[in-house]
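Open the model in your viewer and keep the selection tool at hand. The tour goes from one selection to the next.

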Amino acid sequence: MAAALEAIGLSKRFGGLQAANDVTLAVEQGEVRGLIGPNGAGKTTLVNLVTGVYQADSGDVKLAGESLIGLAMHEIARRGLVRSFQVTRLFGSLTVRENLRTAFLARRPADMDGEARIERMLDLTTLRALADTHAKKLSGGQRALLQMGCGFMVPGSCYVLDEPFSGINPVIKDAIIDMIVEVNRQAGATFLIVSHEMAIVRRLCPKVTVMMEGRVAAHGTLDEVARLPEVVAGYLGKALE
Amino acid sequence: MKRRGLLWAGVLATSFGAWGVSARAQDINVGLIVPLSAPGDATGGQLIRRGAELAVDMVNQQGGVGGKKLKLFVQDSQGTPQAGVAAYRRLVTEDKVVAVPGFFHSSVAIAVNEVAKEMGVPTISVQASASDITAKHYDIAFRTHAVDPVRVSTWMEFIKQKGYKKVSLVAETTDYGIGLTEETIAQNKSGKFGLDIQKVTFDNKATDFTPQLLQVKNFKPDLVINIGVGQPLDLIVDQATTIGLLPNTPMLISYDAPTRPQWWKLHEKDGSGIYFIAYYSPKSPLSDIGQAFAKAYRDKYKEDPVYGALNGFGAIEILAQAIKNGGGAEPKAIVKALESGTYKSWPTAPVTFPRADGVYWHNWVPPVLILHYTKPLQDWKEAEIVVQYSKK
Amino acid sequence: MFSTELIVQTFISGVMIGVLYALMALGITFIYSIMRMINWAMGEFYMIGSYLQYMLVALLLGPDLWWLAIPISATGVFALGIAVQWGLLKPIFRKPPETRDDYATVVTLALLLLFRSLATGIAGPNQFTPGSNLPVIMVGPMPLAGARVAAFVFALVALALFWGVLRYTWYGLALRAASQSRVGVQTAGIDVLGIDRMAFGIGVALAGLAGALLAPVFLVFPTDGLVTTVKGFEIVVIGGLGSIPGALIAGILLGLIESFGAAFIDSAYQNIYGFLLVLAILVLRPTGLFGERGREA
């Protein structure tokens, strides 16, 4: 069976910087994969290449065996590849409820099913009390929850999350972890999660891929890759004396 | 791809501009500055242009001037002094014209004459009436139109005849509007008419005159004089009708816009009963060249010529005669010839441009009439003549 | 001097013209909110709407069917807007945002010149009117041309419809979302370039609608769009670029200020009062009464 999400030899250059260099990885159906690496390793670049924000110079991206190369951002989203942003992108002047409702813009829900799902998501995100508040008035943590909620409103097949845990308090982190686990178990959705929070990566991701300087440097369980000298060096920035 | 779109748009946009084409050496180049777009009175400009173009054709058909053909270069003043001055400069420096007739708006003529004074190519104002156009006594300034004092004297005569006592002047804040307002107030005093005059002004780019017209209605005048030009003139007539000022209160329009075919198209319902200034009536006889022109105009445009066209024709005719008899197609020679000669234009009376006093310097004044539409869709030639005023 | 009757008349006059100004400004601010570009040729779309209305009424339908011609004229301008957006403007939205504003300015200015010259070239410099058989209507103590009242009522209906669509329909939600986050709406699966096209079409159709409604009131001639350009941008500055309630409130405010200024101070400076308000806003509250402070891309 084809991998849920595949990158095959993806490359992207920005002026003098080779941000992605022949990146190849495959995430299996139902897997929760971690994507780690030091700052500037090209993780966000890879996410942007996969989700259509950037057009790759060369290489291929496949979602359940179908190529996504050349497709616009919204077409990729419609195919079921959902992404979240490190700096939360929400509709500030829409209410929390309306933000959740935007998930249905591309695919209208069948009758009342949509409103019911919004109500359930309000509970899942613990944001019910703020349902009619404008999104721009939410705190950082609440915004992260709402972004997750919006992402999970769409019955996507594959979720690419870019630093979903950065700068949020532990209680909300737990809530988000619960949501990811729930969706993974219930719908069998695939996840690719970019994160620096090693404790969470350890908890959520059986396998991780390490990127460094635009390349895939290693692949395996977190413990396995943490022992590799080049990974250690990459994180520390210089060789140990 | 995008550049092509830009270029395409730019070319098309500018292609409706001036048709400056270089002339042959045997041609005599003559300019024409008239308003062809807003905020100028574009219809007025177009009519003058028709007369001038037809005159050039007629002169050339009869062999031209001393064997050379006349070539007309038309520029749009847009009714603004800046555009008019730019047009004059272009005509003199690039098209090398020997004279520039035209001019409908007084503010344009006044501004251009300041520049013409330096550059030396004479101007002939055919429908601009402010005093300063000739009152400054510039050598290059000529006019074949009624001056404002004569226009005002005509309507003072009208007011006296009708026994009006309270008069509202609704004027645009241009040289034309302000000039006429001040002249009216001055003549009221000097002629001891004893009128109660209300002065209401407006910006000629405005579209809503209800505040001003409400003030007029409150004043309860015997007569309203509409001193607007172009769109404001029409809007004032419509809006005055809406608030009930017209048709009960008589309105006089300060120039001959109602003689144009467009008048009834715009004012089918509220145009009857209007009084207006005119400079030509079919009852005044035409000279032989005037008649020939009228026939050619009717053949081409399927309507009778109006004053603007006649004067546009007249200016070109006069210039052709001045060049032929006066010693050549050179600006200085033309100026001398115009001052000293006697010319034939569309009316039977001869035309001269003496160095007279005051505003009558280099000025020929046609008789001024006040006409009255007595029923809707009336042909202007059948309108009632209420006043005919000639400068003594 | 300051009779209550004059005050009431001035107030009614100001509100009525204000709503129509708001309609003109709404298109500018709506297009900006979605596409983040200023359409300088807005007045020319108003002008095209006025010419379409004149031609439909004078040549086909007659003045009694003016109400049928209005939506047809507005739709015609809408179709033209879609064509213009697709042909001339869409290409620039594939470029990086830094050059976008300059390019949009150049293109829309060129359109302004092109449309104006075409109108003068094709239809001539004369002014036209589609004529109106609507009777003079007394609104309180004030006699008003029937066509002007009709324009006011129609404009209110259009504004209400517009607001209703934005607030209560799926498409309205997509438009509102697109105005807040272009990237966000794409990740929700909406083709933002398609939204751009519709927004431009709707925006210019609003101006075209104003032109069609006001054709019998302000007459039809090649530069009749000037009032839209001048007032429209004044209102956008006063109300705040990108704010729809701002456009409506600022429009009515401008109408009232001009009306009262002309009636009670000096009618010669009618157009100046609006400029004074613009200056005051720029000094005191530069983003406009309801202007947004910033926006996430």
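Two residues are in contact if their C-beta atoms, placed from the backbone, lie within 7 Å. The model is a predicted one: local features need pLDDT of at least 70, side-chain atom pairs count only at pLDDT 80 or more, and totals for chains, interfaces and linings use all residues. Residues are numbered from 1 along each chain as its sequence is written, while chains are lettered from A and ligands numbered from 1 in the order in which they are written.

**Chains A and C.** Select these two chains. Here 19 residues of chain A are in contact with 17 residues of chain C. On the chain A side, helix 2 (73-78) and helix 3 (96-101) each supply at least two residues. Helices (H or I, at least four residues) and strands (E, at least two) are DSSP runs, numbered from the N terminus. Helix 2 of chain A gives the most to this side, with 4 residues.

**Chains C and B.** Now select chain C with chain B. Their contact takes 38 residues from chain C and 36 residues from chain B. Helix 4 of chain C gives the most to the side of chain C that touches chain B, with 9 residues. That side divides into 24 nonpolar, 14 polar and no charged residues. In this count Ala, Val, Leu, Ile, Met, Phe, Trp, Tyr, Cys and Pro are nonpolar, Asp, Glu, Lys and Arg are charged, and the others, Gly among them, are polar.

**Helix 11 of chain B.** Select residues 288-301 of chain B, which are helix 11. Which residues of helix 11 of chain B are buried? They are B:Gly290, B:Phe293 and B:Tyr297. A residue is buried if 20 or more other C-beta atoms lie within 10 Å of its own, exposed if 12 or fewer, and partly exposed in between, with C-beta atoms placed from the backbone.

B:Lys300 counts as partly exposed because it has 13 C-beta neighbours inside 10 Å. Just after helix 11 of chain B, B:Lys302 takes a positive phi of about 60°.
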